[in-house]
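Please open the model in your viewer and keep the selection panel at hand. The tour below goes from one selection to the next and says what is found at each stop.

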Amino acid sequence: MKRLILGVALTLVPAAVVLADPPPLPPYQMRASAPAGDRLAVGRDGKALFENHCGYCHLTFGMGTNLLMKQRLAIGAPPQSALLANRDDLTADYVKGVVRMGKGAMPQQTRVDLTDAELASVAAYLGRGK
Amino acid sequence: MQLKLPPRTSPKQFDAALAAFARVVGKDWVLASDADRDAYSDIYAPGSAEPWASSAAVAPASVDEVRAIVRLANEHKVPLWPVSRGKNLGYGTAAPRMAGSVVLDLGRMNKIIELDARLAYAVLEPGVSFFDLYEEIQRQKLPLWLSVPGNAWGSVLGNAFEHGIGYTPYGLHARNLCGFEVVMPDGDLVRTGMGAMAGNHAWHLHPLSYGPTLDLAFTQSSLGVVTRAGLWLQPAPPSSLELVFDIPNEDDIGWVIDTIAPLKISGLVDQNVFIPSWLGKMVLKGQRADFWDKPSAIPEWRVAELLKQYKLGYWQVALRLYGDETVVKAKADIVKAAMARHLAAPPAEHWWHEGEPMNAIDTTMGVPSAVPLQMSDWVGGRGAHMGFSPVVPATSEHVLGQLKRSRKIIADHDVDFYASFTIGGRFATNINMLMYDRDQPAQIDNIKKLFNALIAGTAQAGYGEYRTHLGWMDTVMDTYDFNGHALRRLNEKIKDALDPNGVIAPGKQGVWPSAYRAHAKEGRA
């Protein structure tokens with residue numbers, strides 16, 4: 001079972017191929033730049049903010065994705081649902097609660113890590129359409 | 001988290017201080033709600049985080065704002081606890097040693113001021129994370145490598161200031177620092193090294209000052225707030241070879257140290273060589289309950305089964321060489337011949353050449369990752385860890401002595417053994433990972449007793465820790481006892497001279513200003 005989980009985790013990483021130029025790095029090691037603008041202003045790009053501030057752990061092969069992979073597979077959910085951006089069952093309020101209070105191995109985030117305005121954008125992005 | 005104000009500060013005085021801070025940084029960057037206090041607490045605290053509760057946080061964006069905040073802290077007699085990014089996981093996170101201190105969060109000061117590939121150095125503000133610096137180097141396509149710790153979410157400078165280690169030729173991170181800018185406890189601004197001359201071009205290149213060299217006095221320190229520093233980086237090598245040796249038995253660590261340390265001291269091996277015990281691999285394979293479902297320590301017979309099942313040695317040496325391929329090959333032949341005198345199995349060999357992809361979690365190539373923190377999931381629940389980290393001479397006698405001593409103490413407390421030795425040169429850093437679920441009071445109580453026993457037993461044998469959690473900063477400082485604790489007395493004389501109000505990081509590393517010395521007995525775990 002363990003071997004299977006590890007195998008599934010690795011399928012999220014692009015196959016390693018030798019090229020003349022260095023290939024793209026796994027996304028969590030090459031996050032989007034933080035979007036420009038006042039960190040206290042509302043309405044900035046939630047996707048870009050998520051990738052920059054949460055991407056350390058929550059892009060492909062990040063620690064949070066790895067841990068969620070185990071949890072998602074254990075309840076029969078598809079592996080791609082370990083990536084928060086693929087989830088369709090999150091709500092904005094839930095995202096805000098987890099970010100500020102932490103969850104399991106995830107530490108709570110300060111308002112310097114992510115301002116309230118930035119969190120509102122991220123929560124709207126992850127909880128979109130609900 | 002209960003609201004705990006700074007000592008001798010009334011609610012009215014506290015509010016006045018926060019209002020004054022807000023006039024400097026803006027009200028949105030004074031963080032004083034209950035949720036803020038929780039967010040700055042120690043997420044890996046052994047038991048309650050309240051002994052190290054902050055009263056608020058303030059987040060300046062520039063050196064001028066830091067100076068203004070420090071002056072106001074003196075005026076209002078409010079102590080500050082500076083953090084770079086506050087991700088010192090296992091050692092207290094962002095939380096202060098003295099409850100009621102205001103966290104001075106430098107996370108907004110995250111500029112990469114200079115990045116020079118020709119002389120291989122960077123000039124950074126404290127809020128720059130390992131990921132930030134790595135990504136900027138990639139964007140500019142510069143031939144520079146980092147040296148990263150297990151948790152690259154944190155600050156590059158903060159990790160070096162705390163004497164953190166990595167697993168590359170630049171692995172003793174504090175040694176890479178060169179030239180500081182420091183806000184002193186009275187708000188004055190000092191530049192160390194050649195930077196003491198306005199406009200000097202060699203500030204971050206020549207590591208000594210004219211006169212006494214004070215740079216490292218500002219690391220693990222409460223003597224000032226470092227607002228920028230130079231950091232030397234490793235030039236990217238054209239090739240690299242990893243030699244992976246599985247070392248079958250516990251006692252083999254003796255010959256491993258006696259084989260590798262001389263190569264490291266001579267310079268043939270330039271990497272900090274990391275040698276983790278088997279559990280370091282297992283924590284990434286699942287949770288403890290998947291392998292042993294009882295609360296007691298995993299017994300020897302089960303360890304033997306697991307090593308066989310997962311084809312693991314008791315230790316693993318993943319030694320990496322860097323440089324031109326011909327040089328790397330020649331060095332590898334010497335390393336392999338030295339290891340072959342004790343070990344029949346040849347190592348696995350993994351070559352890397354410029355332009356080829358890198359292993360996404362290879363800390364020996366300076367690739368930042370937070371994946372090693374996955375170990376906090378090993379025990380389940382709100383998993384956490386602390387490191388017991390003594391330093392020993394890099395010889396088999398000292399390493400085996402330390403191993404047997406700590407193993408016995410850990411076994412006596414019925415806790416799993418998970419240790420590593422990192423050969424840093426003439427010394428080895430022995431990190432013993434102690435993992436626990438924050439919601440299991442009996443487990444935490446046992447870990448605290450174990451930690452105290454480890455400190456006492458190790459000091460009695462003649463070894464000290466290089467770094468520790470807030471709750472043991474004083475206990476460890478007590479072990480540095482030469483001549484009636486002369487080092488602490490010197491530190492406190494300097495502290496009182498530079499910081500008469502004791503506003504910068506009271507209690508940091510067991511050094512207390514006279515203004516708060518009465519509080520030294522509080523917050524000991």
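Begin by selecting domain 2 and domain 3 of chain B, whose centres, taken over C-alpha atoms, are separated by 27 Å; the domain bounds come from an automatic or database domain assignment. Their contact takes 21 residues from domain 2 of chain B and 20 residues from domain 3 of chain B, where two residues are in contact if their C-beta atoms, placed from the backbone, lie within 7 Å. On the side of domain 2 of chain B that touches domain 3 of chain B, the largest share, three residues, comes from helix α4 (residues 130–139) of chain B. By class, that side of domain 2 of chain B has 12 nonpolar, eight polar and one charged residues, with Ala, Val, Leu, Ile, Met, Phe, Trp, Tyr, Cys and Pro counted as nonpolar, Asp, Glu, Lys and Arg as charged, and the others, Gly among them, as polar.

Before going on, note that this is a predicted model, in which local features need pLDDT of at least 70 and side-chain atom pairs count only at pLDDT 80 or more, while totals for chains, interfaces and linings use all residues. Residues are numbered from 1 along each chain as its sequence is written, and chains are lettered from A and ligands numbered from 1 in the order in which they are written.

**The whole of chain B**

Now select chain B, which is divided into domain 1 (11–105), domain 2 (112–235), domain 3 (239–467) and domain 4 (473–519). Chain B has 14 helices and 20 strands; helices (H or I, at least four residues) and strands (E, at least two) are DSSP runs, numbered from the N terminus. The radius of gyration of chain B is 23 Å, close to the 24 Å that the globule rule gives for 525 residues, so chain B is as compact as a globular protein of that length; the radius is taken over C-alpha atoms, and the rule is 2.2 Å times the number of residues to the power 0.38. The C-alpha trace of chain B spans about 70 × 55 × 45 Å along its principal axes. Of the 525 residues of chain B, 52% count as buried, a residue being buried if 20 or more other C-beta atoms lie within 10 Å of its own, exposed if 12 or fewer, and partly exposed in between, with C-beta atoms placed from the backbone.

**A helix pair**

Next, select helix α6 (residues 253–266) and helix α11 (residues 396–412) of chain B, whose axes come within 8 Å and cross at roughly 145°; the axes are lines fitted to C-alpha atoms, for helices over the stretch in contact, and angles run from 0 to 180 degrees between N-to-C directions. Which residues of α6(B) and α11(B) meet? From α6(B) come B:Ile253, B:Gly254, B:Trp255, B:Ile257 and B:Asp258, and from α11(B) come B:Ser396, B:Val399, B:Leu400 and B:Leu403. By class, this contact of α6(B) with α11(B) has six nonpolar, two polar and one charged residues.

**Single residues**

Select B:Ile112, which lies in strand β5 (residues 112–116) of chain B and is partly exposed, with 16 other C-beta atoms within 10 Å. Leaving aside neighbours within four places in sequence, B:Ile112 is in contact with B:Ala122, B:Leu124, B:Val128, B:Leu133 and B:Glu136.

Move to B:Gly100, in the loop between β3 (80–83) and β4 (102–105) of chain B. Is B:Gly100 buried or exposed? B:Gly100 is buried, with 24 other C-beta atoms within 10 Å. Not counting residues up to four places away in sequence, B:Gly100 touches B:Lys4, B:Leu5, B:Pro6, B:Pro7 and B:Ser55; B:Gly100 and B:Ala53, 47 residues apart in sequence, are 6.1 Å apart in space, C-alpha to C-alpha.

Then select B:Lys141, in the loop between α4 and β7 (144–145) of chain B, where phi is near 55°, a positive value in a residue other than glycine. With 9 C-beta neighbours inside 10 Å, B:Lys141 counts as exposed.

**The side facing chain A**

Finally, show both chains: the contact takes 34 residues from chain B and 31 residues from chain A. On the side of chain B that touches chain A, the elements that give two or more residues are α2 (34–39) and α4 of chain B. The residues of that side of chain B divide into 16 nonpolar, eight polar and 10 charged.
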